Amino acid sequence: MDMSAGLPVSQPAQQAMPPLKAQARNLDFFYGGTVQALKGVTLPVAEKKVTALIGPSGCGKSTFLRCFNRMHDLYDGSRYVGQIMFQPDDVNILDRAVDPIEVRMRIGMVFQKPNPFPKSIFENVAYGLRVRGMRSQREVAEKVEVALRDAFLWEEVSDRLDDMAFNLSGGQQQRLCIARALATEPELMLFDEPTSALDPIATANIEELIHGLRDKVTILIVTHNMQQAARVSDYTAFMYLGELVEFGDTNIIFTNPAKKQTEDYITGRYG
């Protein structure tokens, strides 16, 4: 089934979408109950693919991303209208009957700046496992190692797992935060400009990491860096002023966009 039907897709005609992990449907979002930040956004998120959100500052990318793990629930007056359907349950994760804590258990997030806990490297990664009630130290250690390997960090820290996380470099701290999110085996990972505070070498490491994760977990990434979107994503969505302008295969979006507004943004005419 082509779930991209009705979307502002790029030309030539898109191939049918692969199975979906999630889909936003006619999503509006309001800050403070009155300020509308998202307007009727409908967007599929393909399973075990990387979908990039691009657009100028203030266009709603991060706002949209944070709807997926109900981050806005933490602030008074926030209001969702519409749906985000999550598979395989086919459940609307914005429904008030759905516990946002359960949503966050299934959907991990990595922020713009590394935010390690004031704990050891090991305990940072083990934190979510312990919250979930895992008591076997051997099992915790195994999962910590797997997560650190998946985050391309194990070889660098395996001999100093008891060191404080703050002793790591900025790029290592960000990969530690990714490992922390991966340890609980999320179904969807949200990346909110994960390399904006990093140097080019650390950025390349994170991009390589994302490439390595694409077969294991679904990824939705916000980036201001269009070259990065072109390098790491399978699909790209261009947003402007809270609306989805165009969505499609990344190669087509960057070489033959359907909308002039998309072309103008990609070619640097504005934004």
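Predicted model: local features only at pLDDT ≥ 70, side-chain atom pairs only at ≥ 80, totals over all residues.
How do the axes of helix α3 and helix α4 cross, and within what distance do they come?

**View 1. The crossing of helix α3 with helix α4.** The axes of helix α3 (residues 121–131) and helix α4 (residues 137–150) come within 9 Å and cross at roughly 120°, and the crossing is right-handed. On the side of α3, the contact is made by Phe122, Val125, Ala126, Leu129 and Arg130, which meet Gln137, Val140, Ala141, Lys143, Val144, Ala147 and Leu148 in α4.

**View 2. The mixed sheet of six strands.** This open sheet has the strand order β6-β7-β8-β3-β9-β10, and its pairing is mixed. Strands β6 (107–110) and β10 (243–249) stand at the edges with a single partner strand each, so one side of each is left without a neighbour in the sheet. From one strand to the next, the twist averages 15°. Within the sheet, strand β3 (residues 50–54) and strand β9 (residues 235–240) run parallel and are joined by four bridges, and Thr51 stands opposite Tyr235 in β9.

**View 3. Helices α6 and α7 on the sheet.** Helix α6 (residues 170–183) lies across β6 and β7 (188–192), running at about 155° to β7. Helix α7 (residues 200–213) also packs on the sheet, where it touches β3, β7 and β8 (218–222), and its direction makes about 150° with that of β8.

View 4. The largest nonpolar core holds 46 residues, of which Leu148, Ile178, Met189, Phe191 and Ile219 touch the most other members. Its largest share, six residues, comes from α6. When residues up to four places away in sequence are not counted, Ile219 touches Lys49, Val50, Thr51, Leu188, Met189, Phe191, Ile210 and Leu213. Another core, of 37 residues, lies apart from the largest one, and Leu43, Phe68, Tyr235 and Leu244 are among its members.

**View 5. The antiparallel sheet of four strands.** Here the strands form an open sheet in the order β2-β1-β4-β5, with antiparallel pairing. Its edge strands are β2 and β5 (91–92), each of which pairs on one side only. Strand β1 (residues 20–31) is joined to strand β2 (residues 35–46) by eight bridges; in this pair, Leu27 has Val41 of β2 as its bridge partner, while Phe29 has Leu38 of β2. Seven bridges join β1 to strand β4 (residues 79–86), again running antiparallel, and here the bridge partner of Asp28 is Val81 in β4. In a regular strand the side chains alternate between the two faces of the sheet.

**View 6. Two hairpins and their positive phi angles.** The hairpin of β1 and β2 has three residues between the strands, and Gly32 takes a positive phi near 60° there. In the hairpin of β4 and β5, with four residues between the strands, Asp90 takes a positive phi near 55°. The strands β4 and β5 themselves pair in the antiparallel sense over two bridges, with Met85 standing opposite Asn92 in β5.

**View 7. Gly33 in the loop between β1 and β2.** Gly33 is found in the loop between β1 and β2, and with a relative accessible area of 26% this residue is partly exposed. Not counting residues up to four places away in sequence, Gly33 touches Gly77 and Arg79. The C-alpha atoms of Gly33 and Tyr80 are separated by 9.3 Å, although these residues are 47 residues apart along the chain.

View 8. Thr262 is found in helix α10 (residues 260–266). Because its relative accessibility is 0%, Thr262 counts as buried. Leaving aside neighbours within four places in sequence, Thr262 is in contact with Phe238, Val245, Glu246, Ile253 and Pro257.

Definitions and conventions:
Residues numbered from 1 in each chain as written. Heavy atoms only, no water. Buried < 20%, exposed > 50% of the residue type's maximum accessible area, 1.4 Å probe, protein only. Contact = heavy atoms within 4.5 Å. Pairing = 2+ DSSP bridges. Axes fitted to C-alpha atoms, helices over the stretch in contact; angles between N-to-C directions. Left-handed = near helix turned anticlockwise from the far one by under 90°. Core = buried A, V, L, I, M, F, W, Y, C linked by side-chain atoms within 4.5 Å.
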